[in-house]
Amino acid sequence: MTETLSGRHVEIAWPDLGITVTAELDDRNTVLAEALWEALPYQSLQGHALVAGHHLYHVAPIPSLLHLPASHRFDRREAPDGTVFCSALQHVGIKYGTLSEPMLASPVGQVRPEDMAGLIEAGHAVWDSVYSTKKPVLVEVRRAGTGGGHRVPRLTAAEPDANHLIHDVHAETEQIWLSEPPELADLHRGFIPSGAGSFETVLPTLLFVNGETRPLGYATYGGLVRAAVHGMPMDSLRQMARLLVGIPAEFLGYCGLEKLWDFTQRFLSCLDHLDRDDFLAVVSQMALYINCLGGWNLHLFPWDTGDHLRQERLAEVTQQS
């Protein structure tokens, strides 16, 4: 790419909070920044880091983020506040304060200094949303000075069953992208038709659903996308898909995510008929759907159930002993 991205400005808005910040894209990771720019505008459920610290992130409807290369990466703990990142987990993230998790990240831009107060305000409001209130906060990302909007990309496959599957997965993803998935909402309200949850408990089932959904999207389907792009032989791709996707999807179906289990069975049933392009299209569409489910699950999970548990600081422990 010869064209510089400097001078391209992106508005990141949280309409319910009345906050908009502007970020300038830069040339540190031009391929990723270009993918983000070309996908605008879009909306998403705004999430907040639950372990790493002061970090906002959301699932972006950009399938190529799963595999596009990063030319510049560094420990995000050392990034200036306001740094915007694109992630192979299909996230767009913004650091707004201290981070504790050592993670290499791919910067694509920087929030302008005069907007940092608004960014920090948004960060704290989103934390309250995710941790306690459960009132969703939506984010809109758009080219500065232009109108908003939203779309979920739909891929295509030549194989008829695969293309039909992609159509149905896309339709379901559109339904749940900005509204809580009914299956997850029922689960988090304690309605579990299968009876999953020993002795009528709910929290253990919620914990296991969260623990299976995130790696299924991030690692399994994201990994299959990257393996297909990087040329893994088709026989190996088919074998890895069979080894990795069935068991967690069946368990999640038992816990209430029946659509996910149905989509998985349809994928496995047409797997032998897919060439590389069709395989890539199916797993990319599935990854977007499952990462969307994962985002909603992280939002709905009752994190404040453990609010009485707080970290002990080393100095306090030393004084007590």
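The largest pocket is lined by 33 residues, with R76, L89, H91, E101 and M103 nearest its centre. About 680 Å³ of space lies in this pocket. The model is predicted: local features need pLDDT of at least 70, side-chain atom pairs count only at pLDDT 80 or more, and totals for chains, interfaces and linings use all residues. Residues are numbered from 1 along each chain as its sequence is written, and side-chain values use heavy atoms, with hydrogens and water left out.

- A pocket is an open set of points with protein on both sides within 12 Å along at least five of seven lines. A cavity is a set of points where a 1.4 Å probe fits but cannot get out. Lining residues have an atom within 4 Å of a point.
- Grid points are joined across faces, edges and corners, and a volume is the space filled by probe spheres set on the points.

**Pockets**

- The lining of the largest pocket takes at least two residues from each of β5, β7 (83–86), β8 (91–99), β9, α2 and α5 (203–229). Helices (H or I, at least four residues) and strands (E, at least two) are DSSP runs, numbered from the N terminus.
- That lining has 22 nonpolar, seven polar and four charged residues. Ala, Val, Leu, Ile, Met, Phe, Trp, Tyr, Cys and Pro count as nonpolar, Asp, Glu, Lys and Arg as charged, and the others, Gly among them, as polar.
- The second largest pocket holds about 570 Å³ of space. Its lining has 18 residues, and L50, V51, W127, R310 and Q311 are the closest to its centre.
- β5 and α2 each supply at least two residues of the lining of the second largest pocket. α2 gives the most, with three residues.
- The lining of the second largest pocket divides into eight nonpolar, seven polar and three charged residues.

**Cavities**

- There are two cavities of 30 Å³ or more.
- The largest cavity has a volume of about 160 Å³. Of its 16 lining residues, L45, G47, V59, G295 and W296 lie nearest the centre.
- β3 (42–45), β4 (47–48), β5 (53–59) and α8 (276–300) are the elements that give two or more residues to this lining. α8 has the largest share, five residues.
- V10, I12, A23, L25, L36, V84, V92 and V141 line it.
- β1 (9–14) and β2 (19–25) each supply at least two residues of the lining of the second largest cavity. By class, this lining has eight nonpolar, no polar and no charged residues.

**D115**

- D115 is in the loop between β9 (104–111) and α2 (116–133).
- D115 counts as buried because its relative accessibility is 11%. Buried means under 20% relative accessible area (1.4 Å probe, protein chains only).
- A polar atom of the D115 side chain lies 2.8 Å from the backbone nitrogen of T22.
- Leaving aside neighbours within four places in sequence, D115 is in contact (heavy atoms within 4.5 Å) with T20, V21 and T22.

**Overall fold**

- The protein has nine helices and 10 strands.
- Its C-alpha trace spans about 60 × 55 × 40 Å along the principal axes.
- Of the 321 residues, 50% count as buried.
- Residues 24 or more positions apart account for 74% of the contacts with a separation of 6 or more.

Terms used: On a 1 Å grid over the protein atoms alone, a cavity is a set of points where a 1.4 Å probe fits but cannot get out, and a pocket is an open set with protein on both sides within 12 Å along at least five of seven lines; lining residues have an atom within 4 Å of a point. A polar contact is a pair of N or O atoms within 3.5 Å; within protein, one must be able to donate a hydrogen and the other to accept it, and residues adjacent in sequence count only if both atoms are side-chain atoms.
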